Amino acid sequence: MRKLAIMLAAIMLIVMMPTASALASESVQADTPLRGSTSARINNVQLAVDAIDGVHIGYGDSFSFNDLVGPRTARYGFESAINGRGVKVAGGGVAQVASTIYLALKQLDGIEYDEKQTYGSAYNGKYVSSSRDAILVDYPSIDFRFTNYYAGFVISLWIEENSLYSELSMQGNGRAISSASFEIEGNRANQINVSLAADSINDTQLNDGDSFSFNELVGPRTAKYGYKAATNGRGVKVTGGGVAQVASCIYLAIKNLDVVDITHKSTYGSKYTQDYVSHSRDAILVDYNEDIDFSFRYQGEGTLSIYTFISHGEIVCDIHETFD
């Protein structure tokens, strides 16, 4: 069960320059009531929740409600229910999900709304107190879209005790200066290995002159530490196969940063047989037993934070920089 308490710490303004201040809060939350909703309306809300929950929005990334939720038709499980203006339509209720996300977004500076319409005077619902917060969405013509210039965050949505909750969990402190992600390639064993490696690295912090070593942080890829036999970047099944995807994602995130000096990098080269990166020069090779490492040094004036995690089947790397 998630905690229902809203973290009320004030959100500091994120300035679009290298001296941005650290975030004052790790998450923001909003909720709207579902009491009195029909089972059909709850079904529609839950389908939209399932489509969006866990989505990662990196710094500079865009969000589209319609792209994620898709058509609201019977083919996709949606039912006829009352919408925000009191009319029974297929998918009625999904706009409440958009509105609940918007209530959380309103607490952040640095969100640029690319498309945002409300029900206005036609609003006939009770889930938000003002029609200004009653977001209107209608697939495919009316979307709710925004671009994130705040910091990387994950959108969490859930239903609990007749209420719909939206939480935006910030991926660390400081300003996001780079991000990379791609779909994890392979089967369940690959996903387990990727998750273990990502967890080992997540929230690594480097001060000026500090070095990052993939092998030191991740350690041996053996069954003792939970790693499975899975296909690696050259199509061979080995224990820990897949962890190079984490190294490759980090490389994509840091390779163009002026404050990072890459000290050791090997790639699969012509032996690369997978598709998780588009070019073999980005397919980083790491091997603990053979002492093949991926390493770099931070040469900045603040603190570099590395966040690696799984979101909707993708490996994500967010790079943040914080200054005192």
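**Exercise 1. Helices on a sheet**

Which strands does helix H1 (residues 39-52) lie across, and at what angle does H1 run to S10? Work out the sheet, then place the helices on the sheet.

Solution. The model is a predicted one.

Step 1. Find the sheet. Four strands form an open sheet in the order S1-S11-S10-S2. Their pairing is antiparallel.

Step 2. Find the edges. Strand S1 (27-33) and S2 are the edge strands, and each pairs on one side only. From one strand to the next, the twist averages 20°.

Step 3. Helix H1 lies across S2, S10 and S11. H1 runs at about 155° to S10.

**Exercise 2. Strand S10 and its partners**

How many bridges join S10 to strand S11 (residues 163-170), and how many join S10 to strand S2 (residues 55-57)? Then decide whether S10 is enclosed or open to the outside.

Solution. 

Step 1. Take S11. S10 and S11 pair over eight bridges, in the antiparallel sense. Serine 156 faces glutamate 167 of S11 across this pairing.

Step 2. Look at the turn. The hairpin of S10 and S11 has two residues between the strands. Glutamate 161 takes a positive phi there, near 50°.

Step 3. Take S2. Three bridges link S2 and S10, again antiparallel. Valine 55 stands opposite isoleucine 155 in S10. Histidine 56 has valine 154 as its bridge partner.

Step 4. Check burial. Buried means under 20% relative accessible area. Seven of the eight residues of strand S10 (residues 153-160) are buried, so S10 is largely enclosed by the rest of the structure.

**Exercise 3. Two helices in contact**

At what angle do helix H4 (residues 188-201) and helix H6 (residues 243-254) pack, and how far apart are their axes?

Solution. 

Step 1. H4 and H6 pack at an angle of about 50°, and their axes are 7 Å apart. H4 is therefore oblique to H6. The crossing of H4 past H6 is right-handed.

Step 2. List the contact. H4 supplies Asn190, Asn193, Val194, Ala197, Ala198 and Ile201. H6 supplies Val243, Gln245, Val246 and Ile250.

Step 3. Sort the residues. Seven are nonpolar, three are polar and none is charged.

**Exercise 4. Aspartate 282**

Is aspartate 282 buried or exposed?

Solution. 

Step 1. Locate the residue. Aspartate 282 is in the loop between strand S17 (260-264) and strand S18 (295-298).

Step 2. Apply the cut-off. The relative accessible area of aspartate 282 is 8%. Buried means under 20%, so aspartate 282 is buried.

Step 3. Name the neighbours. Leaving out residues up to four places away in sequence, aspartate 282 touches Ser248, Tyr251, Leu252, Lys255 and Val277.

How values were computed: Residues numbered from 1 in each chain as written. Predicted model: local features only at pLDDT ≥ 70, side-chain atom pairs only at ≥ 80, totals over all residues. Heavy atoms only, no water. Axes fitted to C-alpha atoms, helices over the stretch in contact; angles between N-to-C directions. Parallel < 35°, antiparallel > 145°, perpendicular 65-115°, else oblique. Left-handed = near helix turned anticlockwise from the far one by under 90°. Contact = heavy atoms within 4.5 Å. Nonpolar A, V, L, I, M, F, W, Y, C, P; charged D, E, K, R; others polar. Buried < 20%, exposed > 50% of the residue type's maximum accessible area, 1.4 Å probe, protein only. Pairing = 2+ DSSP bridges.
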